[in-house]
Amino acid sequence: MILTKNDLLGKINQRDDGRFVLVSPEFSGEKEVYLLSETYMAFKKLSELAKKDGIELKILSGLRSFAYQKAIWERKWESIGEEENREKARKILAYSAMPGISRHHWGTEVDLNSLDNAYFLDGYGKKVYD
């Protein structure tokens, strides 16, 4: 698949672009999530394998536009407070990509089960992570 500049920057209308598919509510709940069709097929295979180990995978986020990623970045930027800009950026980059360079723009990245990193440290969350 060849990606255009607009693809890479998240300037996609996924509803009108045949490369992307709407994820079934079985995997995404009530939220509308789109993925690149190849990514979705791979996720479904992974989900089947995970179920055999007693793990249920839920997609919380998939394809994101530039504007959506920018809003995430700005919300985190404002929440950090009074620190040097470089340090604020480093803190955000530990868990989130800058708008324009996120793989979410391509529909190949998913956030699974929780947006709270602590969830994956122990218990069921650790099992999901492993």
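**Overall fold, nonpolar cores and helix packing**

The protein chain has six helices and four strands, taken as DSSP runs numbered from the N terminus (H or I of at least four residues for helices, E of at least two for strands). The model is a predicted one, in which local features need pLDDT of at least 70 and side-chain atom pairs count only at pLDDT 80 or more, whereas totals for chains, interfaces and linings use all residues. Residues are numbered from 1 along each chain as its sequence is written, and side-chain values use heavy atoms, with hydrogens and water left out.

From the N terminus, the elements follow the order α-β-α-β-α-β-α-α-β-α. The C-alpha atoms occupy a box of roughly 45 × 40 × 25 Å along the principal axes. Of the 130 residues in the protein chain, 33% are buried (under 20% relative accessible area; exposed is over 50% and partly exposed lies in between, with a 1.4 Å probe and protein chains only). Contacts are defined by heavy atoms within 4.5 Å; among those between residues at least 6 apart in sequence, 58% join residues at least 24 apart.

The largest nonpolar core consists of twelve residues, Val-23, Phe-27, Val-33, Leu-35, Tyr-40, Phe-43, Ala-50, Ile-55, Leu-57, Ile-59, Phe-120 and Val-128. Such a core is a set of buried Ala, Val, Leu, Ile, Met, Phe, Trp, Tyr and Cys residues joined through side-chain atoms within 4.5 Å. Helix α3 (residues 37-52) supplies the largest share of this core, three residues. Beyond its neighbours within four places in sequence, Phe-27 contacts Tyr-40, Phe-43, Lys-44, Ser-47, Leu-57, Lys-58 and Ile-59. A second, separate core has five residues, among them Ile-12, Tyr-34, Leu-36 and Leu-63.

Helices α4 (residues 66-80) and α5 (residues 85-93) pack at about 125°, with axes 10 Å apart. Axes are lines fitted to C-alpha atoms, for helices over the stretch in contact, and angles between N-to-C directions run from 0 to 180 degrees. The two helices are therefore oblique to each other, a class left after roughly parallel (under 35 degrees), roughly antiparallel (over 145) and roughly perpendicular (65 to 115). On the α4 side, Trp-73, Lys-76, Trp-77 and Ile-80 meet Asn-85, Lys-88, Ala-89, Lys-91, Ile-92 and Leu-93 of α5.

Asp-16 is located in the loop between α1 (5-8) and β1 (20-22). With a relative accessibility of 65%, Asp-16 counts as exposed. Asp-16 and Glu-83 are separated by 67 residues in sequence and by 41 Å in space, C-alpha to C-alpha.
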